[in-house]
Structures are given as structure tokens and as C-alpha cells.
Amino acid sequence: MSESVHLDPVDLQILRLLQNDARTTYRDLAAEVGIAASTCLDRVARMRRSGIILGNRLQLDPAKLGRGLEALLLVQVRPHRRELIGPFVDRVRSLPASRAVFHLTGPDDYLVHVAVSDPAELQRLVLDEFTSRREVARVETRLIFQEWDCGPLLPPTSAG
């Protein structure tokens with residue numbers, strides 16, 4: 001596990017604002033938090049160098065891209081051995097429908113978030129890309145009815 005980095009209240013405010021809109025200019029960020037634009041740029045650069053800020057992502061609407069049906073696939077791999085994990089994860093990540101892959105503890109080994117066009121494509125994906133693999137012992141599918149974004153990720157407070 002990596003070490004946490006000390007962040008002061010201004011850093012936290014910058015992170016909160018950037019998580020709400022990563023396209024915010026340094027000038028606007030600086031004005032919002034009450035520092036000079038050059039200082040804001042330096043702070044963001046420091047947080048990038050330290051690995052706190054990993055990058056910027058473009059958020060797309062899967063439905064408007066023809067992938068309006070989203071699901072979570074709970075996948076059990078047997079045997080659960082290191083030499084199978086890499087190729088399995090690489091294959092899942094290469095699938096156009098895959099949005100995220102999580103390696104889990106418990107009875108299921110992976111949680112795969114997928115976005116497909118319709119139930120027939122979901123069925124094809126599960127049968128052709130998951131259950132057809134020798135190492136996949138079981139797949140359970142959960143449809144996603146609705147998704148909500150949560151607040152910005154910030155370090156825990158001493159009170160919580």
C-alpha cells in the first residue's frame with residue numbers, strides 16, 4: 001500500500017473542485033480557492049508528481065453510444081492461480097463492452113462492469129467471452145437499473 005501524502009485545506013479544495021470538473025482552468029481554480037494561478041499550477045503539478053492525481057478522464061454516456069444496457073458480472077475462476085489471472089484480466093479488459101474489472105475476495109473472484117446494446121448482446125458476451133473459457137467456473141449477471149455518482153474522494157478526516 002502506498003503512503004498517503006500530506007494535503008492542506010487548499011489542496012483538498014483544489015481536489016474537490018477538479019473532481020467536479022477536471023476542465024476547470026488554473027485561473028478559475030486559483031480564484032475559487034484564493035491563491036495565485038501560478039501557485040495553483042504548482043500545487044496541481046505536485047499532486048500529479050506524488051501520484052494523488054492520476055489523470056483526467058472523459059465521461060461518456062453509454063446509452064448515447066448504443067450501449068444502454070449495463071450489467072455487473074460476478075465471475076468465479078477455477079483454479080484461481082496466478083498464471084490464469086493475467087491472461088484472463090487482459091482478455092476481459094480488451095473486450096469493447098468492458099468498463100471496469102475488479103479482483104475480489106470472497107466466493108467471486110472478479111466483478112466486471114459491462115455496457116452492451118441489448119439483452120441478446122449481453123447473452124452473447126456471457127456465453128462466448130466468459131463461460132466458454134476453461135478457467136471460468138461460474139458467472140452471475142446483475143443488471144444495472146440506475147447509477148449515481150458520489151461525492152469527491154478525499155482523505156478521511158480525523159473525526160471519521
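1. In this note, a residue is buried if its relative accessible area is under 20%, exposed if over 50%, and partly exposed in between (1.4 Å probe, protein chains only). By that scale Glu 129, at 16% relative accessibility, is buried. The model is a predicted one, in which local features need pLDDT of at least 70 and side-chain atom pairs count only at pLDDT 80 or more, while totals for chains, interfaces and linings use all residues. Residues are numbered from 1 along each chain as its sequence is written, and side-chain values use heavy atoms, with hydrogens and water left out.

2. Helix α2 spans residues 26-33, and its buried residues are Leu 29, Ala 30 and Val 33. These residues lie on the same side of α2 because they cover an arc of only 100° around the axis; the arc is that of the directions from the helix axis to the C-beta atoms. An α-helix has 3.6 residues a turn, so residues three or four places apart point the same way. Helices (H or I, at least four residues) and strands (E, at least two) are DSSP runs, numbered from the N terminus.

3. What do the buried residues of α2 pack against? Their partners are α1 (9-20) and α3 (37-49), where contact means heavy atoms within 4.5 Å. On the face turned away from the buried side, α2 carries the exposed residues Arg 27, Ala 31 and Glu 32. Just after the helix, Gly 34 takes a positive phi of about 80°.

4. The Asp 109 side chain reaches the backbone nitrogen of Val 77 at 2.6 Å and makes a polar contact with the side chain of Arg 78 at 2.9 Å. A polar contact is a pair of N or O atoms within 3.5 Å; within protein, one must be able to donate a hydrogen and the other to accept it, and residues adjacent in sequence count only if both atoms are side-chain atoms. Leaving aside neighbours within four places in sequence, the residues in contact with Asp 109 include Val 75, Gln 76, His 80, Phe 102 and Leu 104.

5. Arg 78 also takes part in a cis peptide bond, which joins this residue to Pro 79 with omega of about -5°. Pro 79 lies in the loop between β1 and α4 (82-94).

6. Two serine side chains may be considered together. Ser 98, in strand β2 (residues 98-103), counts as buried at 18% relative accessibility. A polar atom of the Ser 98 side chain lies 2.6 Å from the backbone oxygen of Val 92. Beyond its neighbours within four places in sequence, Ser 98 is in contact with Val 92, Val 112, His 113 and Val 114. Ser 132 is placed in the loop between α5 (119-131) and β4 (136-144) and is partly exposed, with a relative accessible area of 48%. The backbone oxygen of Asp 128 lies 2.6 Å from a polar atom of the Ser 132 side chain.

7. How many salt bridges does the structure hold? There are 15, a salt bridge being a side-chain nitrogen of Lys or Arg within 4 Å of a carboxyl oxygen of Asp or Glu. One of them pairs Arg 67 with Glu 121, the closest N and O atoms being 3.6 Å apart. This pair links distant parts of the chain, with Arg 67 in the loop between α3 and β1 and Glu 121 in helix α5, 54 residues apart. Arg 67 counts as partly exposed at 24% relative accessibility, whereas Glu 121 is buried at 19%.

8. Glu 129 forms a salt bridge with Arg 124 (3.9 Å, N to O); Arg 124 is partly exposed, with a relative accessible area of 36%. Another salt bridge joins the side chains of Glu 140 and Arg 142 (2.8 Å, N to O). Both partners are partly exposed, Glu 140 at 28% and Arg 142 at 42%. Elsewhere, salt bridges that share partners join Asp 8, Asp 11, Arg 43 and Arg 46 into one network.

9. On the surface, Leu 58, Leu 60 and Leu 65 form a nonpolar patch with about 360 Å² of accessible area together. Leu 60 lies in the loop between α3 and β1 (69-77). Patches are made of residues with over 30% relative accessible area and no salt bridge; like charges are joined within 9 Å, and nonpolar side chains (Val, Leu, Ile, Met, Phe, Trp, Tyr) within 5 Å. Accessible areas come from the Shrake-Rupley method with a 1.4 Å probe, and for residues only the protein chains shown count as cover.
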